[in-house]
Amino acid sequence: MGYFTSEATSMVEQDLVGDEGAGGDEEPSAPIKLARANDVLPTEIHLLPVASRPFFPGQAVPLMMDAEHWEATLRAVAEGEHKILGVVLVDSETSEEAVPENFYRIGTACRVHRVHQQDGHLQVLVECLQRFRVGRWRHREAPFRARVAYLPEPDGPPNEEIKAYAMAVINTIKELLPLNPLYVEELRMFLDRFGPDDPSHLSDFAASLTTSSKEQLQEVLELLPLLPRMEKVLVLLNNELELARAQQKIRRTVEEKMQKQQREFFLREQLKAIQKELGIAKDDRTAEIDKFKARLERLTLSEQASKRVEEELEKMGILETGSPEYSVTRNYLDWITLLPWGKHSEDKLDLKRARRILDRDHYGLEDVKKRILEFLAVGIHKGEIAGSIILLVGPPGVGKTSIGRSIADTLGRHFYRFSVGGIRDEAEIKGHRRTYIGAMPGKFLQAMKDAGTANPVIMLDEIDKIGASYHGDPASALLEVLDPEQNVDFLDHYLDLRFDLSKVLFVCTANQLDSIPGPLLDRMEVIQLAGYIAEEKLQIAKKYLLPRQIERAGLAKGTIKLDTKTLRALIEGYARDAGVRRLEKQLGKIVRKVAVRLLEGEEAPISVTKADLQDYLGSPVFRDERKLSGPGVVTGLAWTAMGGATLSVEAARTHGFNRGFTLTGQLGDIMKESAEIAYGYLVGHAREFGADPGFFERSFIHLHVPAGATPKDGPSAGITIVSALLSLALGKPVRRIAMTGEITLTGEVFPIGGVREKLIAARRAGIKEIVLPADNRGDFEEVPEHVRKGLQVHFASRYDEVQPLLFKDA
C-alpha cells in the first residue's frame, strides 16, 4: 500500500516540482531549487531514528524500515501538511531500541516522496533538505515528535580558501572514480541537482561517498562552519582513497594469482594429454596402480592379503579419482604395500660382539648384562631370537631405554621406540576402523612400516603407566601383541588382515611392577635393574657423563677438571638417586658455569674442587642421615626409588597413667600392622628376653619414625620395631647395627626385597654390621663383591637369633 502519490516517482526533481507547488510559495514555472526553510518547514516534526549512518542535505535516499514499528510514524507524516520527517542518528544497536536519550542533537529534515509496504517492510524514498537541532520533546515514544530549530547553510560567495578546499575535494573524488564505478553514478546524480561551485552541498556529498564510521559522519553533519567541515571531509576522503587503493591492490594480486594458477592448470592438463597421446605418460590412477604393483613384487604377502590387495586394486581401477572412496582405497593400498611382508634382517648372533657392545654402552649392571647375554645365548643355539618379550624394571635414569637400544645393536636389528605411558585409547594399539575419517593403523604396524623389516626390536616405554578410559583398555589390547602364541596372527582394525609379529623382539620398560596387570606381566621375562652404587656412578661420570656434557657445550677436552674427591662429594650431596639422570644434570650446570667463566677471560683448564660445589650448585640436596642413639632407638634399612636409605625407629614411654601404644611418622597401613604385630609379639615374650612384663602393663608407648613428611610403608621394619621396643623396656642402647626383616606373631623372620639397595644405604651411612632374614641369603650372594666387601652380615630365621646381637654385653 502507499500513503503518498506522485506523478513521477523515478526522478526526485519531478517530485519536487509537484510537492513544492502544493506549498504555494513558488510558481510552477520557477527553476528547481530548495525553498527557504522558514517558509515551508514546520517547527514541530516527527522524528525517525536511524542506527546505520546519518543523512546529509541534498541527498535522495531510499529507506527500508520495519512496518510494525514505524508505520504509525509514516502515517502521521502522511497526514501532515508538509510531509516532513526528521531523520536523526542514534547510538543504539538498532533503531527499534532507540529512546530519546539515544538521539544525537543534530539531524536532517527530509520530505517523504513515496512509501510502499511489502512483506512487513516499508520502502520509503526521502529527499534530505535541511539540518536541524532537536529541541523540546513532544512525544518520547514512537511515533517520536519534537520541536526543532533549523540550521541555515552558510550564505554568500565562497572565499579563496574555501574554493581551494572545494578543488581539493573535487580532485580527490576524481581519483576515487576509477577505483569504484559506483561513485560515477552518485556523482552524476549530484551534478544533476547541484553545481561544483556549491561548497556546502559538495562537502556533504563527499562525506556521504565515504565508508567512514557513523560517528565520524555525524561530526561532519554537526559542523556548520564551512571551512572546518571541508577540512574534516577532505581527511575522510583521503582515508577512503587509501582504502580503495589497498582493496584494488589486493584484488589485482588475487586475480593475478588465480590467472597464474588457471594458466598452470591448463598447461599441465595439455601436457598430460600430449604425453598420453605419445604414450610417454600415464594418468594418476594408472601411475598409482603401477606403483603399488611394483612394491608388491618385492613382498611376500599371505594368501589372505594377496586376495584383499587384488580386490582393492580392481576397485581402485573403476573409482573416480575425485571421489572420497578413491582416496580411502588408495591410502589403504599404500599402507599394505609399505609394510615389510616377509622381509627380515639377518641377526648377528655373536656373543663376544654382544658383550663388547654392552660393555661399551654401559658401566656396571653386571647382573643385567649377564641376564641379557644368557638370553642371547639361547637364541644363538636355536638359530634365531623370536617370540621374546623382555621387561626391564628399575628406577628412573638407570639406563633401561639405552639397554634396549644396545640389544638392537648387538643383533643388528632396526630399533623403534614409542612410549605407551598415558595411552588411553585401544585404537592406539590396534588401529581405527577404515569407516572413520582419518583412520590409521595402530602403533605396532606404524613401527613395522618405519623399521622396514618384520623382525625389529620394538621398545614399549613406561608400560607401567598405561591408562584406561571409555575408549577401551590398551593394556588388554597389548595381551594379543605380547603373547608369542597369538601375535603370529595379529589383527589390526585398520588393516583387517593378519600380520605376523612373532619375529619381533619386544623390550618393555617400567619403574615398578605393581601397576602392570597380572596377565600382561605373566607374558614377559622380568629383568630387574637395581640402580648404581656410588663407585659405579663415579666411573660413569668420568667415562660417559662429563665428556658428553663438555662436548654438548662445545668446549675442548680437558677444559674442566673434576677430581675423584669432588665427583664423590657431588654424588653423595647432589645425586644420591638410583639412576644417573640427576648426576648428569648437575654436571651440566657445572659445565655451563665454567663456559661463562671462560668467556669472561679465565684461562683453561678450570679446576672444580669439593669446596667449589656449593658455589656452582648451591646447598647440597642430600645430607647424611642423623645418627640417633639411646634406649629405644634402632636403625632400620628401607628401599626407596632413590636407591635405599637408613631409617631410625624411636620408641619412648610417654607416661604411666594407663597402658597404650601409638604410632606416628606418616606410616602406611602395612607398616602400622607390622608395628602392631611387633608390639604384640614382644609383650607376649618379654620375659624370654629379660624384660619386665609389667613394664608394658603400666606404660603408654609412642613409636615414631622420623622424617614425618615422607610416607613410609612395607613390612620390612618388623624386627627393627621389636628391637626398639625391647631396648626401651630394658633401658639399654642398641649397638651400631642396622637390620631389616618382617616379623610374625610367632617370632619368625620373613624375607624382604631390595637387599642390594639396603646394603648400599648401610655402607653409605658407615654401618658395617647388618641383620638380614635367612631367606635372603641367596639375594645377598648375588650382590656384587665390591658392595659386600667389609660388611658383617648376620642371617636370622627367628627373632631369637636377632636379640643376642643387639647389646654390647651380649
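Is Glu 44 buried, exposed or partly exposed? Hi everyone, let's start there. Glu 44 comes out as partly exposed, with a relative accessible area of 24%. Please keep in mind that this is a predicted model.

Glu 44 has a partner, too: Arg 138 forms a salt bridge with Glu 44, and their closest N and O atoms are 3.3 Å apart. That pair links distant parts of the chain, with Arg 138 in strand E5 and Glu 44 in strand E1, 94 residues apart. Arg 138 is also partly exposed, at 44% relative accessible area.

Now compare a salt bridge inside a helix. Glu 312 pairs with Lys 315, with the closest N and O atoms 3.6 Å apart. These two are three residues apart in helix H10, so about one helical turn separates them. Glu 312 is buried, at 5% relative accessible area, whereas Lys 315 is partly exposed, at 27%.

One more salt bridge, between Asp 483 and Arg 523, has its closest N and O atoms 3.2 Å apart. Here both residues sit in loops, 40 residues apart. Asp 483 is buried, with 12% relative accessible area, and Arg 523 is partly exposed, with 24%. As for the network, shared partners join Glu 44, Arg 138, Arg 145 and Arg 147. The count of salt bridges comes to 37.

On to the rings: there are 19 aromatic pairs. In one of them, Trp 70 and Phe 144 have ring centres 6.4 Å apart and planes at 40 degrees, so the pair is tilted. Both Trp 70 and Phe 144 are buried.

Finally, a charge over a ring: Arg 434 lies over the face of Tyr 332, 3.6 Å from the ring centre. Thanks, everyone!

How values were computed
Residues numbered from 1 in each chain as written. Predicted model: local features only at pLDDT ≥ 70, side-chain atom pairs only at ≥ 80, totals over all residues. Heavy atoms only, no water. Phe/Tyr/Trp six-rings, centres within 6.5 Å; stacked < 30°, edge-to-face > 60°. Buried < 20%, exposed > 50% of the residue type's maximum accessible area, 1.4 Å probe, protein only. Lys NZ or Arg CZ within 6 Å of the ring centre and 35° of its normal. Salt bridge = Lys/Arg side-chain N within 4 Å of Asp/Glu carboxyl O. Helix = DSSP H or I, 4+ residues; strand = E, 2+ residues; numbered from the N terminus.
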